[in-house]
Amino acid sequence: MIKEIKKIGVLTSGGDAPGMNACIRAVVRTALHKGLQVTGIYHGYQGLIDANFKEMDTRSVSNIIQRGGTILKTARCLEFKTVEGRKQAYDNLKTAGIDALIVIGGDGTFTGANFFSKEFEVPIVGIPGTIDNDLYGSDYTIGYDTANNTVIEAIDKIRDTAASHERLFFVEVMGRDSGCIALNAGIAGGAEAILLPEKETAIDDLIHHLEDGAIKKKSSSIVIVAEGDQNGGAYYVAKKVKEKFNHYDTKVSILGHLQRGGAPTSFDRVLASRLGFAAVNEILAGNTRVTVGLRGNEIKTTPIEEAISNKEIKLSPDLLEMAEIL
Ligand code: F6P
């Protein structure tokens, strides 16, 4: 028999992403509107294990829609990967009277949710929140648009100094397993070349490409390297290129965690609000172990197992082909 849901818990887990706050706000206000109680769980799954809970009302989420980060804090929690950790988490949920969970995060978050929900039959709905945009089931994840805009702003600035000094810059962007930011920002930032985790780029081919540019009197260039690029990151690629091609003064710039911060774009705020709203409705409709996502312009659910296991690459073939040409 399906237990009536009276109280839900909400948490953010894994790497923070701009728009997570907008999503928490939507979850809390939608749930309250539908007559549910809401508990905020702090520091992701660690907060479940430590019973780091706080009851939320509509004012708890005032003035946060425009803020990056997550008011609920986040963590990458190793203890939740153990049966003992998850058992402790379940006992805490029961004591607090929390009947269902909404988890906002990436694939690590969903993997934990899947285990937990199966083991203890806790209804869970996942919301994709990560700047990496690497989750199946949603065209875009919360935070991806903002991160792209942050990266573009940085590339534009680097281009000014690269052009003034006639330098070659290797700019490293985030994405351990996903080249979404690199490809998108590389195209939007007019990069000379883009190195992705999903695709091998031979250093010699890159050098030929840069030589071609030098012959055509290109006085400066920007190469975007995803953090997880198969060659080993921007410093390594720059070193290897320099060994054989020394036409330009060469610099490396690692954009790092600044890509995860900042006010969410309008797109991310609306996406986050829609997904938060949808997640509460899915819980109330009795659905569990699903994620909510945007496909086309519609909100759709995906079984959480599929969202984790489907590694369909999100890099559109037309973008990949265009990046080679432009
Ligand atoms: O998952 C988002 C992400 O920013 C990745 O792009 C990056 O590889 C990773 O998190 C960095 O994680 P941390 O902040 O824990 O070092």
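# Why these names? Calls and cut-offs

Guide: Lys87 and Asp91 both sit in helix H3 (residues 83-96), 4 residues apart, about one turn of the helix. Helices are DSSP runs of H or I with at least four residues, strands are E runs of at least two, and both are numbered from the N terminus. This is a predicted model in which local features need pLDDT of at least 70 and side-chain atom pairs count only at pLDDT 80 or more, while totals for chains, interfaces and linings use all residues. Residues count from 1 along each chain as its sequence is written, and side-chain values use heavy atoms, without hydrogens and water.

Visitor: What makes Lys87 and Asp91 a salt bridge?

Guide: The rule asks for a side-chain nitrogen of Lys or Arg within 4 Å of a carboxyl oxygen of Asp or Glu. Lys87 and Asp91 meet at 3.0 Å, N to O. The pair therefore qualifies. By this rule there are 14 salt bridges.

Visitor: Why is Lys87 called partly exposed?

Guide: Buried means under 20% relative accessible area and exposed means over 50%, with partly exposed in between (1.4 Å probe, protein chains only). Lys87 has 40%, so it is partly exposed. Asp91, at 29%, is also partly exposed.

Visitor: What do Asp107 and Lys311 form?

Guide: A salt bridge, at 3.8 Å, N to O. Asp107 lies in helix H4 (residues 107-120) and Lys311 in the loop between helix H10 (304-309) and helix H11 (317-325), so the pair ties together parts 204 residues apart in sequence. Lys311 has 57% relative accessibility, so it counts as exposed. Asp107, at 31%, is partly exposed.

Visitor: Which contact type joins Lys118 and Glu305?

Guide: Another salt bridge, at 2.3 Å, N to O. Lys118 is in helix H4 and Glu305 in helix H10, so this pair ties together parts 187 residues apart in sequence. Elsewhere, salt bridges with shared partners join Lys239, Lys240 and Glu243 into one network.

Visitor: Why are E7 and E9 called edge strands?

Guide: Two strands pair if DSSP finds at least two bridges between them. The open sheet of 4 strands has the order E7-E8-E6-E9, with parallel pairing. Strand E7 (193-195) and strand E9 (249-254) each pair on one side only.

Visitor: How do you know that E7 and E8 pair?

Guide: DSSP gives 3 bridges between E7 and strand E8 (residues 221-226), in the parallel sense. At least two are needed, so the strands pair. Ile194 has Ile224 in E8 as its bridge partner.

Visitor: What makes strand E10 largely enclosed?

Guide: In E10 (residues 290-295), 5 of the 6 residues are buried, so the rest of the structure largely encloses the strand. E10 pairs with strand E11 (residues 298-303) in the antiparallel sense over 6 bridges. Strand E5 (residues 124-128) runs parallel to E10, joined by 2 bridges. In the hairpin of E10 and E11, with 2 residues between the strands, Gly296 takes a positive phi near 65 degrees.
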